[in-house]
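Dear colleague,

Please find below the structure that I am handing over to you. My findings follow it.

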Amino acid sequence: MTSGTGNSDDWTTPGTFEVAPGVHRVPLPLPNDGLRAVNVYVLRDDDGLVLVDSGWAITEARAALDAALKELDCSLGDVRRFLVTHVHRDHYTQAVHLRREYGMRVSLGAGERESLAASMTPHRNPLAEQLARLRLLGAGELADTLAGLTGTRLSTGDWELPDDWFHDGQQIRHGERTLHVVETPGHTRGHVVFHDTGSHLLFAGDHVLPTITPSIGFEAALSANPLGDFLASLALVRRRPDARLLPAHGPVTPSVHARVDELVAHHGARLDETEAAVARGASSAYEVAARLRWTRRERRLGDLDVFNAMLAVTETAAHLELLVAQGRLTRSDIDGLRRYATA
């Protein structure tokens, strides 16, 4: 077992890292180069193991999780339950596959019902809803490119209902540890975080990430105002006692509050930039996204790979919808295209 927090220069380094007594961070590989890894947290007690998130259902992640649990003198058979923060593949699908083999309990936020139902639809293109939305947002060519990129790893066989659904305020006890379920819609409609107030830890999933901003608007069943939901959820977490940030992507950091403040400031500035782009003549989400800069490297939309370009357009749409809700812009749908204008 690797001691310490595992906060090296590369947080994706394989291993088992103790981040608090009885809590271990295990980075698992992903089948793409974007996020590079996802942190699964192992909570250990005499009654067995509880895991926060599970990883993507790929062979490499299964092998890495096997190896990590062996470092703890445990095995997958010792896992009693998966506490899943949200329904995205890199958090949920490995739990589904392992449950078929070992029978452990899998729990998910109740707000994910609609997106999960869509994902379970037989013979469905895994990005069906996103492709239709991209066309509405003026990104038809991008949608056409994405339409041919679904592979065997995106089968509907990765999806099943959980054993139970989380609700806000629920408490989960594991040994002497109590986790408080906090509904944090925004990244997805049913995203939840787990707050261990006794140990001052927040298992944050993708709600609060230490080095990147969580994507907004990438889900099958989209809410009317996902960015508004996200900012409200950030405010909710900010009102809770501060804690160490245990994110799904990135290193463990000392303060949830500090990172929440940075995220709020970022989106405030982004809203202003988005409004200014519309004032200068951009009218669709695609046109606005093309006028903005992306990632810490300040890239243009055309410099992004196709998947990240999709995320950029849908996130731009989320900012535009919040500006409409705030009365700063207006919106109209004409001939299958959504356009925005200054109010």
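A polar contact is a pair of N or O atoms within 3.5 Å; within protein, one must be able to donate a hydrogen and the other to accept it, and residues adjacent in sequence count only if both atoms are side-chain atoms. By this criterion, the side chain of His86 makes a polar contact with that of His187 (3.4 Å) and another with that of Thr85 (2.9 Å).

The model is predicted, with local features requiring pLDDT of at least 70 and side-chain atom pairs pLDDT 80 or more, while totals for chains, interfaces and linings use all residues. Residues are numbered from 1 along each chain as its sequence is written, and side-chain values use heavy atoms, without hydrogens and water.

His86 lies in the loop between strand S5 (79-83) and helix H2 (89-102). His86 counts as buried because its relative accessibility is 0% (buried means under 20% relative accessible area, with a 1.4 Å probe and protein chains only). Beyond its neighbours within four places in sequence, His86 is in contact (heavy atoms within 4.5 Å) with residues including Asp53, Glu112, His191 and Asp206.

Elsewhere, helices H5 (residues 140-147) and H9 (residues 306-325) pack at about 140 degrees, their axes 10 Å apart. Leu142, Thr145 and Leu146 of H5 meet Val306, Ala309, Met310 and Val313 of H9. The residues of this contact comprise six nonpolar, one polar and no charged.

Yours sincerely

Definitions and conventions: Axes fitted to C-alpha atoms, helices over the stretch in contact; angles between N-to-C directions. Helix = DSSP H or I, 4+ residues; strand = E, 2+ residues; numbered from the N terminus. Nonpolar A, V, L, I, M, F, W, Y, C, P; charged D, E, K, R; others polar. Buried < 20%, exposed > 50% of the residue type's maximum accessible area, 1.4 Å probe, protein only.
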